[in-house]
Amino acid sequence: MSVLLSVHELKFAFAHRVLFEGLTFSVSTGEKIALIGQNGAGKSTLMKIIAGLMDPDSGSVTRSRGLKIGYLPQTPDLDENLSARDAVYQGVASEEDWSGISAAEEAMSRLSIPVETRVSSLSGGWKKKVALARELARSPDVLLLDEPTNHLDVESILWLEDFVRESPLCVITISHDRAFLNRVTRRTVEVDRRNPGGILSVEGNLDRFFQVKEEYLEAQAAREESLKNVLRREIEWLKRGAKARTTKQKARIDRAEDLKVEVQDLGQKNRQGSVKLEFESSGRGPKKLLEMKSIGKTYAERTIFSDFSLLITPETRLGLMGKNGAGKSTLIRMIAGVEEADRGEIRRADRLEVLYFEQNRETLDPGISVLRTVCPSGETVEFQGRKMHVRSYLDRFLFSGGAVDVMVEKLSGGEQARLLLARMMLRPGNLLILDEPTNDLDLQTLDVLEDCLREFPGAVILVSHDRSFMSAVCDDILALPENVRFSDVFQWEEWFKREQKRALDLARGKSQDSVVMQPKLERRRLSYKEQLEFDRMEETILEKETELGSLEAHSARPEIVSNSVELLKTTERMGELQAEIERLYARWAELEEKGGAKRS
């Protein structure tokens with residue numbers, strides 16, 4: 001392997017706070033690297049410096065001659081006025097860049113991007129896909145991915161896993177998705193000022209890293225204890241005023257001072273700050289928190305739920321899985337009482353108290369401080385029946401000192417997620433609904449949140465693309481819209497892959513039954529124009545179905561449901577798309593038949 005880039009003695013400070021310093025490491029061809037660290041450790045900043053988008057305060061990044069770097073930020077930067085296709089093609093160097101054109105077309109097809117849709121009309125998940133396809137179109141040597149799985153559906157994540165794992169590119173990934181990192185990475189690099197040189201690099205995936213890290217911390221703690229004992233003996237010797245030559249006594253005094261500094265430094269490194277999470281239960285609740293019976297829900301002409309039933313008890317640990325537009329958000333809103341069903345009955349217990357973590361954190365006011373978000377007035381909050389100073393409370397969520405006065409708009413995604421959890425935990429509840437709570441949270445906080453949810457005495461309903469997190473929390477997985485139940489998320493994943501393949505085979509008219517039972521067909525030649533149409537048919541249908549799914553999700557948003565003009569406009573387009581999709585499937589079957597109707 002040849003070295004593609006080298007980082008030497010990098011230092012960067014933000015608002016007088018040093019994020020990292022002395023960072024030195026190199027990256028070679030074909031490496032698959034996970035870049036991890038706590039929120040605020042400077043991972044995204046380091047990635048921008050590597051990409052050449054920011055300059056360090058000191059140190060250097062040396063890149064090999066002609067090195068091409070692709071960079072996918074957490075929040076995509078796209079021209080809202082372009083179509084999705086044109087935005088992707090911004091990554092193509094020229095009209096003669098055939099490798100770029102090929103990479104762009106393959107990425108758009110694999111990610112099912114609605115290529116004719118204007119970027120301004122796309123959801124956050126679709127924008128992420130467009131931005132990813134644009135970077136792949138650059139045919140980079142090094143691909144930098146900052147939280148690439150955020151807002152992606154599981155289908156796209158599974159494709160991205162395969163792509164990263166099998167690609168010859170060097171890929172550096174920042175992600176909280178442990179299943180994703182374990183499957184795609186071969187080296188794990190932790191950014192943490194407590195590590196020697198600010199970096200701990202381990203060959204292997206995330207699980208291997210944590211094994212080595214635990215051994216490293218145990219050794220470091222043992223060294224701290226050993227040095228404490230040595231320091232105690234030296235101090236006792238000095239206190240006795242032992243007779244010795246002045247130079248010898250001075251040397252021992254100096255040694256004791258050095259030991260004291262080293263012990264303090266080790267003590268600082270061994271203190272692992274972590275979030276303290278604890279949801280407050282609303283007390284002994286009813287055996288049935290909520291029951292849905294024969295629920296029906298329809299948007300325009302599309303039925304989301306039909307004769308759907310669900311029982312939620314205090315023991316419920318339910319994970320919702322499915323593609324975008326499958327009905328997960330609609331179900332959550334009906335459970336939370338934000339939206340009503342069209343048909344059927346929803347019975348809620350009198351003492352039902354719902355706590356809701358919304359995916360987009362839209363209830364956070366960007367124009368107020370962290371402190372005033374959890375404490376609009378005064379200096380105290382009530383937590384689990386007792387008064388607590390708001391600064392002490394926020395310290396549980398790693399907001400200390402001046403951090404409590406920072407405006408919400410200045411917080412990172414992970415910090416905003418912690419703040420939303422802090423506000424939620426001031427209210428008692430017996431039903432937690434969490435919509436993508438893992439986005440942007442660091443791995444340490446995810447571990448704490450997992451334990452918190454497992455110990456919560458009420459019900460938990462979880463929507464998350466983080467399969468490791470869902471597997472740790474949920475023992476009941478509901479696949480939508482099929483309404484199929486599983487006991488484990490990875491069991492669902494295997495089923496999902498089989499269903500994907502079966503659906504593709506059926507769409508192509510090549511199910512296993514037809515392959516076995518149909519006699520061999522002697523195909524007649526299609527015309528050149530018909531062959532082109534046939535070759536693009538699958539991609540065309542996927543584009544239309546993707547646009548339909550996006551519109552279905554759009555039409556379910558509360559601000560659209562309450563806007564009759566916009567809702568009518570959206571549903572009319574959905575009807576047009578549905579008719580077009582049906583026509584395309586019929587035409588596909590017609591071309592398939594025409595190309596193979598003559599039997600031998």
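At what angle do helix H3 and H4 pack, and how far apart are their axes?

Okay, a quick word on what we're looking at. This is a predicted model, where local features need pLDDT of at least 70 and side-chain atom pairs count only at pLDDT 80 or more, while totals for chains, interfaces and linings use all residues. Residues are numbered from 1 along each chain as its sequence is written, and side-chain values use heavy atoms, with hydrogens and water left out.

So, the answer: H3, residues 98–110, packs against H4 at about 155 degrees, and the axes are 8 Å apart. That makes H3 roughly antiparallel to H4. For the record, angles over 145 degrees count as roughly antiparallel, under 35 as roughly parallel, 65 to 115 as roughly perpendicular, and the rest as oblique. The axes are lines fitted to C-alpha atoms, for helices over the stretch in contact, and the angles run from 0 to 180 degrees between N-to-C directions. Helices here are DSSP runs of H or I with at least four residues, strands are E runs of at least two, and both are numbered from the N terminus.

The H3 and H4 crossing is right-handed. On the H3 side you've got Gly100, Ala103, Ala104 and Ala107, and they meet Ala133, Leu136 and Ala137 in H4. By class, that contact has six nonpolar residues, one polar and no charged ones. Nonpolar covers Ala, Val, Leu, Ile, Met, Phe, Trp, Tyr, Cys and Pro; charged is Asp, Glu, Lys and Arg; the others, Gly among them, are polar. And contact, throughout, means heavy atoms within 4.5 Å.

Now the other partner. H4 is residues 124–137, H5 is residues 154–166, and their axes come within 13 Å and cross at roughly 20 degrees. That makes H4 roughly parallel to H5. This crossing is left-handed. Here Lys129, Leu132 and Leu136 in H4 meet Ser156, Trp159, Leu160 and Phe163 in H5. Notice Leu136: it's on the list for H3 and on the list for H5.

Pro140 is buried, at 4% relative accessible area; buried means under 20%, exposed over 50%, partly exposed in between, with a 1.4 Å probe and protein chains only. Its C-alpha is 8.8 Å from that of Cys170, 30 residues along the chain.

Ser175 is in the loop between strand E7 (170–174) and H6, and it's buried too, at 5%. Setting aside neighbours within four places, its contacts include Leu35, Glu147 and Phe180. A polar atom of the Ser175 side chain lies 3.0 Å from the backbone nitrogen of Asp177. In H6 itself, residues 178–184, there's Asn182, whose side chain reaches the backbone nitrogen of Asp207 at 3.0 Å.

Ser294, in strand E10 (290–299), has a positive phi near 50 degrees without being a glycine, and Ser294 is partly exposed at 38%. Glu436 also has phi near 50 degrees, but Glu436 is in a loop, between strand E17 (431–435) and helix H13 (443–455), and counts as buried at 8%. And the peptide bond from Leu480 to Pro481 is cis, omega near 5 degrees, with Pro481 in the loop between E19 (476–479) and E20 (484–486).

Zooming out to finish: 19 helices and 20 strands, and 48% of the 600 residues are buried. Among contacts between residues at least 6 apart in sequence, 70% join residues at least 24 apart.

Technical notes
Left-handed = near helix turned anticlockwise from the far one by under 90°. Polar contact = N/O pair within 3.5 Å; in protein donor to acceptor, adjacent residues only side chain to side chain.
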